[in-house]
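Reader: Hi! I'm new to this one, could you walk me through it?

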Amino acid sequence: MSLFDRFRKKPPDSPQPDLPQWPRPPKADTMCLLLMDRVLENVDPVAARLKAVFGESAVSAVDHSHPRVPAFTATVDGLEFWVSYLPMPVPPDTADIPTAAKYSFLLTNEEKEAFSSHKSFWMLAQKGGGTSLPEKRRVCWTFSLLLSALMEQDGAVGVDPVNRGGLLVSRRHYLQQRELMEGKRWDNGSFFPVPLWVWVYGTTGDSGKPTIQTQGLEDFGLPELGFFNPQREVGELLDLLYSMSCLQITEKQLYRNMALVPLDEKTEVVCKQEGDVLFFIGA
């Protein structure tokens, strides 16, 4: 049965499947990779840069016990992050960076090439902080501040948030989002830098009809969102999905199966659930 067929109205006596319910517990651990276009000889200047941004006590002494993988911890807004540097490209079994770059809507050709040919990377992790949607929002917001500070170093290419999607965020785009965060706190109630954490991609379902949908909201304990067989331009759909994702992450709106959702003064779409994804039909 195709995706489109599943969306057709069922006879009244047809048994309704058990659909996943939200919100659910988010993914408590959070990890990111920051890719570099060079191999660093020494990470001490990077640690010093973070101390200048977040305070002298925010960064531990650099651990050089592993001869090739220096590491330290960074504490930002009361959250502890494990930071290590690996002087090698990301292993393919960790992340397929070239394939992710190929299918990114938001990377220029030059940025795709920079991701695909990176020479080394930072691995950063926050363990156990995202135990609820507000706390997950706080962890990711604070993580974004830390990554932005690291992104200012020479040679930074961009970030891969390690989740179920294939999101890559270029240095240019990351720092643009950081500007939008300026003067706000994680609990501001209306804004969250969605493009830093949620991937939007296009595909074709079993019906042969196109879809454009998110990947990454599930880590927040939220349903993924998508448009089924949309007629609008890709840029407009991206803006809609980022806005709708922000409403969910900031707890302003939680979309439900069979709900009618206004997109603008002229268009109302119906929300229909397919597994872990809520598709909007009629755009």
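This is a predicted model: local features need pLDDT of at least 70, side-chain atom pairs count only at pLDDT 80 or more; totals for chains, interfaces and linings use all residues.

Reader: Thanks! What is the order of the strands in the open sheet?

Author: The order is β2-β3-β4-β1-β5-β6, 6 strands with antiparallel pairing. Strands (E, at least two residues) and helices (H or I, at least four) are DSSP runs numbered from the N terminus, and two strands pair if DSSP finds at least two bridges between them.

Reader: Which are the edge strands?

Author: β2 (71-76) and β6, each of which pairs on one side only.

Reader: And how many bridges join β1 to β4?

Author: There are 7, and the two strands run antiparallel. In β4, F121 is the bridge partner of L35. β1 also pairs with β5 in the antiparallel sense, over 5 bridges, with L34 opposite V159 in β5.

Reader: Why is β1 described as largely enclosed?

Author: Because 6 of its 7 residues are buried, the rest of the structure largely encloses β1. Buried means under 20% relative accessible area, exposed means over 50%, and partly exposed is in between (1.4 Å probe, protein chains only).

Reader: What about β3 and β4?

Author: β3 (residues 79-86) and β4 (residues 120-126) pair in the antiparallel sense over 5 bridges. The bridge partner of W82 in β4 is A125.

Reader: Which strands does α5 lie across?

Author: α5 lies across β1 (30-36), β2, β3, β4 and β5, and runs at about 15 degrees to β1. Axes are lines fitted to C-alpha atoms, for helices over the stretch in contact, with angles from 0 to 180 degrees between N-to-C directions.

Reader: Switching topic: which residues touch the most other members of the largest nonpolar core?

Author: L34, W122 and F227, out of 69 residues in that core. The largest share of this core, 10 residues, comes from α5. Apart from it lies another core of 13 residues, including L107 and L168. A nonpolar core is a set of buried Ala, Val, Leu, Ile, Met, Phe, Trp, Tyr and Cys residues joined through side-chain atoms within 4.5 Å.

Reader: Nice. Which residues of helix α6 are buried?

Author: H173, Y174, Q177 and M181, in a helix that spans residues 171-181. They cover an arc of only 100 degrees around the axis, which puts them on the same side of α6; the arc is that of the directions from the helix axis to the C-beta atoms. These buried residues pack against α5 (133-151), β5 (156-161) and β6 (169-170).

Reader: Last one: is S104 buried or exposed?

Author: S104 is buried, with a relative accessible area of 9%. S104 lies in the loop between α3 (97-102) and α4 (109-116). Leaving aside neighbours within four places in sequence, S104 is in contact (heavy atoms within 4.5 Å) with K112 and L168.

Reader: And where does T94 lie?

Author: T94 is in the loop between β3 and α3, and counts as partly exposed at 42% relative accessibility.

Notes. Residues are numbered from 1 along each chain as its sequence is written. Side-chain values use heavy atoms; hydrogens and water are left out.
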